[in-house]
Amino acid sequence: MVVRYPRLNVIFSERATTPPPPSRPEPKAAPPAPPHLARYIRDGLAVDLSLRSAIVEGRELDLTYLEFELLAHLVANPLRVHSRQQLMENVWGRPDNGDTRTISTHIARIRRKLGPVHGAAIATVRQIGYKYDPRLTAAGPAPLSP
């Protein structure tokens, strides 16, 4: 036995006139980051934020998410001393809880992955934090061409 509901047929039928949904403009694609913000190249070390890659002397580094974020933050602000508290807030996104070994461990891993030449560019500032100084690479800065 089939039960029919004529009122529902009107509501759900194709003949029912419903106003078309308002047309929304298609979302625009995010503009590409300016080149000076998307890639940092410092004496053989290239950090590309859009590709999330770090390359040292033509060799791509295998970095974890936080290692990459920490390296990118340091390289983006060369010669600037970052306190451990600033690094916890800017890279980890949470306030410092007093555990500074987390940062020290990540810095040690990054230095090891960068190798002896470029690892020396991440300098420890005693009692304060860390800084990235490309002048400290074991190879030294590239000579200026005349």
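Which residues of helix H4 (residues 84–92) are buried?

## Helix H4 and its buried face

In this predicted model, the buried residues of helix H4 are Arg-84, Leu-87, Met-88, Val-91 and Trp-92. When the helix is viewed down its axis, these buried residues fall within an arc of 100 degrees, so they line one face of H4.

After H4 comes Gly-93, which has a positive phi, near 80 degrees.

## The largest nonpolar core

In soluble globular proteins, nonpolar side chains tend to be buried together. Here the largest nonpolar core holds 25 residues, of which Leu-45, Val-47, Leu-70, Leu-71, Leu-114 and Ile-122 touch the most other members. At least two residues of this core are supplied by each of strand S2 (45–48), strand S3 (53–56), H3, H4, H5 and S7, and the largest share, six residues, comes from H3.

Most residues other than glycine have a negative phi. Glu-57 is not a glycine, yet its phi is positive, at about 50 degrees; this residue lies in the loop between S3 and strand S4 (59–60). Is Glu-57 buried or exposed? Its relative accessibility is 59%, and because the cut-off for exposed is over 50%, Glu-57 counts as exposed.

Leu-79, likewise not a glycine, has a positive phi of about 70 degrees, and its place is in the loop between H3 and S5. With a relative accessibility of 45%, Leu-79 counts as partly exposed, a class that lies between the cut-offs of under 20% for buried and over 50% for exposed.

## Confidence in the model

The mean pLDDT of the protein is 78, and 67% of its residues reach 70 or more. Over residues 29–33, pLDDT stays under 50, and for this stretch the model has one contact beyond four places in sequence.

Technical notes
Residues are numbered from 1 along each chain as its sequence is written. Side-chain values use heavy atoms; hydrogens and water are left out. Buried means under 20% relative accessible area, exposed over 50%, partly exposed in between (1.4 Å probe, protein chains only). Helices (H or I, at least four residues) and strands (E, at least two) are DSSP runs, numbered from the N terminus. The arc is that of the directions from the helix axis to the C-beta atoms. A nonpolar core is a set of buried Ala, Val, Leu, Ile, Met, Phe, Trp, Tyr and Cys residues joined through side-chain atoms within 4.5 Å. pLDDT is the predictor's confidence in each residue, from 0 to 100. Contact means heavy atoms within 4.5 Å.
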